[in-house]
Amino acid sequence: MNLNTQILIAAVLGLALGLLLTAYPHTVFFESSLYGLGILSSIFIGLLKMLLIPLIFSSIVVGVSNLQSGGQFGRVWKITVLCCLTTTTLALILGIACAHIFEVGKGIDITIFQADMQSHQSPDTLTPSSFLTHFIQNTLINPFKAFSEGNVLAVVVFALFLGVALVKGGERFSAVRQISQQFFEIMMILVGWVMKLAPIGIFALLAKLVATEDLSVLSRLAEFAVVVTGTTIFHGAVVLPALLWIFGKMNPITFFKGTRTALVTAFATSSSSATMPLSMKCAQENLGVRPQTVGFVIPLGTQLNMDGTALYEAAAALFIANLMGLDLSLTQQIIVCLTAMIASLGAPGIPSAGMVTMIMVLQSVGLPAEAIAILLPIDRLLDTVRTVVNVQGDMMISVVVDRYAKQAELEST
C-alpha cells in the first residue's frame with residue numbers, strides 16, 4: 001500500500017474516530033482518547049519541527065551552490081533565477097488576492113489553538129517603516145544562535161550567503177559543496193522516514209480536530225480547497241502560458257502537447273523530483289530545448305521554482321488566520337509572501353513535504369504550527385495540482401531561457 005492510500009485511509013479513520021468521540025463528551029473514553037491523540041500528534045509535529053531548520057538550510061545552500069554550473073552559460077543562470085522569482089511572485093500575488101476576494105475562513109471562531117495564540121507574540125505592532133529595521137535585527141544575527149533558537153529567516157539569510165560564497169569560490173570549495181549535497185540527501189532520508197509516520201500523525205490530528213471543533217470548519221475547508229485549486233489552475237492555464245507566449249514565443253497548445261507525459265506523471269506522483277527525468281526528456285525532445293539548457297534549468301527549477309507551493313502556502317496562512325479571527329496587517333501579509341517564497345525554495349520535491357515548510361509560513365505571522373491539522377484533510381488532493389504547476393513552470397522557464405540564450409549567442413557572433 002503506497003503512502004497516498006495510507007494517508008487517505010488515515011484521514012477517513014481520523015474523521016470517523018472524531019465523530020465517534022463527539023457522541024461521548026466529558027467521559028473517561030473521551031478524555032483518555034484526546035490524551036492519546038495529543039501525544040501522537042505532538043510526536044508528529046515535533047518531528048516536522050525538528051527537521052525544519054536543517055532541511056531549509058541544506059536545501060538552500062545546495063540550490064544556490066548549484067549555480068556554479070552557470071559559469072558555463074554566461075547569463076543563463078541569471079535569466080533562470082529572474083524567471084523563477086517572477087513566476088513565484090505572480091503566484092503569490094494571485095494567491096493572496098484570491099484569499100482576500102473570497103474571504104475563505106471568515107465567520108468561524110476556532111478555539112482549538114487558542115492557548116497557542118495567546119502565548120505567541122504576533123508582530124501586530126510593526127509598521128511598514130519599522131519592518132525593515134525589525135527584519136535586519138532579527139535576521140542578520142549569529143547563525144549558531146539562529147539555529148539554536150529556530151529563527152528560520154536568519155538561517156535562510158545565512159544559507160543564501162553561504163551558497164553564494166560557494167559559487168564565488170569555484171572549485172576551491174568543491175569538498176564543501178559535496179558535503180552540503182550529502183547532508184541534504186541525509187535530510188531527505190529523514191524526511192522520508194517522518195513521512196512514513198504521516199498517516200499516524202494525520203489520523204491523530206484529524207480525530208482531535210473533529211472531536212473538539214464545530215464541524216462547520218470542514219465546510220469552510222471545502223470552500224478553501226475549491227478556491228485554491230481554481231487559483232492554482234488559473235495560474236497554470238492562463239498566467240504561465242501567457243508568459244510563455246510573450247517571452248518564449250511558443251504556442252501554449254504546442255507546449256501542453258509536448259509536456260503532457262510529464263504533467264500527468266506529476267499529477268500521479270505529487271513529486272517534482274520523481275518527475276524531473278520526464279520533464280527533461282519532454283523539454284529536450286518535444287519542445288526543442290537544447291540539452292545543456294535542460295540539464296541546468298530544470299534541476300535548478302525543481303529546487304527553486306515552486307509556484308504552486310508558494311501560492312498554496314500564502315493562501316493557507318490567510319485562511320487559517322481568518323479561521324482564528326486574526327486580521328493580518330499589510331506588514332504581516334508582506335511577511336507571509338516573503339516567507340512563502342523562501343519556504344517554496346526549501347520545499348523538497350516529494351509528496352506532502354510542503355507540510356514541513358508550511359510550519360515556517362504559519363509561525364512567521366504568529367500562527368501555531370499545530371494549525372496544519374486544519375489543512376491535512378485536503379493536503380494530498382491539493383498537492384497533486386500544485387505539483388503539476390511546479391513542473392509546468394520548470395519546463396516553461398527552460399523554453400524561455402533557451403530562447404534568450406540562443407539570442408545572446410547570435411548577438412555575440
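# A guided tour of the predicted model

Begin at Glu285, which is exposed because its relative accessible area is 55%. Select Lys281 next: Glu285 and Lys281 form a salt bridge whose closest N and O atoms are 3.1 Å apart. Both residues belong to helix α12 and stand 4 residues apart, so about one helical turn separates them. Residues three or four places apart in an α-helix point the same way, because a turn takes 3.6 residues. Lys281 is partly exposed, with a relative accessibility of 44%. This contact is one of 5 salt bridges in the structure.

**Stop two: Arg290 and Asp402**

Select Arg290 together with Asp402, whose side chains meet in a salt bridge at 3.0 Å, N to O. Arg290 is placed in the loop between α12 and α13 (291-304), and Asp402 in helix α17 (residues 376-412), so this pair ties together parts 112 residues apart in sequence. Both Arg290 and Asp402 are buried.

**Stop three: Arg386 and its neighbours**

Move along helix α17 to Asp383 and Arg386, which lie 3 residues apart in that helix, about one turn. A salt bridge joins Arg386 to Asp383, with 3.4 Å between the closest N and O atoms. Arg386 has a relative accessible area of 3% and is therefore buried; Asp383, at 5% relative accessibility, also counts as buried.

Keep Arg386 selected and display Tyr312. Arg386 lies over the face of Tyr312, 4.2 Å from the ring centre. A further arrangement of this kind can be seen at Arg403, whose charged end sits over the ring of Tyr404 at 5.2 Å from its centre.

Return to Asp383 and show Ser271. Their C-alpha atoms are separated by 8.8 Å, although the two residues are 112 residues apart along the chain. Ser271 belongs to the loop between α11 and α12 (272-285). With a relative accessible area of 6%, Ser271 is buried.

**Stop four: helix α14**

Now select residues 307-323, helix α14. Gly325 follows α14 and has a positive phi, near 75 degrees.

**Stop five: an aromatic cluster**

Select Phe57, Phe147 and Phe158, which ring pairs link into a cluster. The count of aromatic pairs comes to 6. For Phe57 and Phe147, the ring centres are 5.2 Å apart and the planes stand at 75 degrees, so this pair is edge-to-face. Phe57 lies in helix α2 and Phe147 in helix α6 (residues 143-149), so the pair ties together parts 90 residues apart in sequence. Phe57 is buried, at 15% relative accessibility, while Phe147 is partly exposed, at 31%.

Phe57 and Phe158 make a stacked pair, with 6.1 Å from centre to centre and 10 degrees between the planes. This pair links distant parts of the chain, 101 residues apart: Phe57 in helix α2 and Phe158 in helix α7 (residues 152-169). Phe158 is partly exposed, with a relative accessibility of 32%.

Colour its buried residues, including Val152, Ala154, Leu166 and Gly169. Just after α7, Gly170 takes a positive phi of about 65 degrees.

Turn to Leu20, Tyr24 and Phe29, which form a nonpolar patch on the surface with about 280 Å² of accessible area together. Phe29 has its place in helix α2 and is partly exposed, at 39% relative accessibility.

Next select His26, in the loop between α1 (3-22) and α2 (28-65). Most residues other than glycine have a negative phi. The phi of His26, by contrast, is positive, near 55 degrees. His26 is exposed, with a relative accessible area of 75%.

Finish at Lys249, in the loop between α10 (216-248) and α11 (252-269). Lys249 is not a glycine, yet it has a positive phi of about 55 degrees. Its relative accessible area of 57% places Lys249 among exposed residues.

Methods:
Residues numbered from 1 in each chain as written. Predicted model: local features only at pLDDT ≥ 70, side-chain atom pairs only at ≥ 80, totals over all residues. Heavy atoms only, no water. Helix = DSSP H or I, 4+ residues; strand = E, 2+ residues; numbered from the N terminus. Buried < 20%, exposed > 50% of the residue type's maximum accessible area, 1.4 Å probe, protein only. Patch = residues over 30% accessible without salt bridge, like charges linked within 9 Å, V, L, I, M, F, W, Y side chains within 5 Å. Areas by Shrake-Rupley, 256 points an atom, 1.4 Å probe, with all protein chains shown as cover. Salt bridge = Lys/Arg side-chain N within 4 Å of Asp/Glu carboxyl O. Phe/Tyr/Trp six-rings, centres within 6.5 Å; stacked < 30°, edge-to-face > 60°. Lys NZ or Arg CZ within 6 Å of the ring centre and 35° of its normal.
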